[in-house]
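Please open the model in your viewer and keep the selection tool at hand; the stops below follow one another through the fold.

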Amino acid sequence: MANVVASRCSGLLLPSNLAGVRRRSPPPSSQSLRPRWGPRRPRTLACVAPPDSATRQDEQNVKAESTEQEAQTSSAPEDAGLTALPNKDLNRRVALLSILGAVALFASQRLDLGQASLKDLSANAVPYEEALSNGKPTVVEFYADWCEVCRELAPDIYKVEQQYKDRVNFVMLNVDNTKWEQELDEFGVEGIPHFAFLDREGNEDGNVVGRLPKHYFLENVVALASGDPSIPHARVVGQFSSAESRKVHQVADPRSHG
């Protein structure tokens, strides 16, 4: 029996020169000339794979490459080359912070110690009746809205008030209000601004009138807050507006100290 070289594979095992070819029988005449089973040349067998195996392998490789590319694409940030769209929540926060900043800026400018006005002083003033009964020393300012010196001194007065308002009462009495006629006579107000400095019992320690150096007012307030028996500037007069120019009117609200 002839030797046959064979190989193992997943396909069909066929002789390489006979794959797909049917062996023909020799002519009858040749049977008498040579034996039926004469010597043969060894034939090799070819491994023939199923016709679709290579195609399936290629498809699997293509799918694997596609999956890998999709994974790399999904892991990369979307629209990496484009500018990120604005975040609505972030925009709202920025807008809110901007509004709060604008309000704070407006408030700081409005109540800035260098921009305080007579209206600010009047709004923060302690009512006169309360000042006489709460046991604190008191500064009473007689003023008028039309008084240029009063308006000029307002920022400096405001600074001192903010520093000592917990220990000293600051009262504002508008000379145009007929409600304060008795106080005008009692304190002898002839010019404004007129500052009367009262001790804890409501007794007057002294007064200063008109435009004077800043430290005059400050030093008198410090003396009151410290409980000193007297103030350093008890009778000082500077440039003032005449109280005779006041525009007398009656305020409808009797509780008003303006």
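Which residues do ring pairs link into a cluster? Select F195, F197 and F217, which are joined in this way by ring pairs; rings of Phe, Tyr and Trp (its six-membered ring) pair if their centres lie within 6.5 Å, and planes under 30 degrees apart count as stacked, over 60 as edge-to-face and the rest as tilted.

Before moving on, note that this is a predicted model, in which local features need pLDDT of at least 70 and side-chain atom pairs count only at pLDDT 80 or more, while totals for chains, interfaces and linings use all residues. Residues are numbered from 1 along each chain as its sequence is written, and side-chain values use heavy atoms, with hydrogens and water left out.

Next, select strands β6 (residues 194-198) and β7 (residues 204-209), which run antiparallel and are joined by five bridges; strands (E, at least two residues) and helices (H or I, at least four) are DSSP runs numbered from the N terminus, and two strands pair if DSSP finds at least two bridges between them. F195 stands opposite V208 in β7, and in the turn of this hairpin G202 has a positive phi of about 90°. From β7, move to strand β8 (residues 235-237), which runs parallel to β7 and is joined to β7 by three bridges; here V236 is the bridge partner of V208.

Now select helix α5 (residues 148-164), whose 17 residues reach 25 Å from the first C-alpha to the last. The helix bends by about 45° at A154, with a proline, P155, following within four residues; the bend at a residue is the angle between axes fitted to the seven residues ending there and the seven starting there. The buried residues of α5 (under 20% relative accessible area, with exposed over 50% and partly exposed in between, for a 1.4 Å probe and protein chains only) include L153, D156 and Y164.

Which side chain forms a salt bridge with E152? Select R211, whose closest N and O atoms to E152 are 2.5 Å apart, a salt bridge being a side-chain nitrogen of Lys or Arg within 4 Å of a carboxyl oxygen of Asp or Glu. Because R211 lies in the loop between β7 and α7 and E152 in helix α5, the pair ties together parts that are 59 residues apart in sequence. R211 is partly exposed at 29% relative accessible area, and E152 is partly exposed at 42%.

Finally, select D156 and K214, whose side chains meet in a salt bridge at 3.7 Å, N to O. This pair links helix α5 with helix α7 across 58 residues, and K214 is exposed, with a relative accessible area of 58%.

Note on methods: The expected span of a helix is 1.5 Å times one less than its number of residues.
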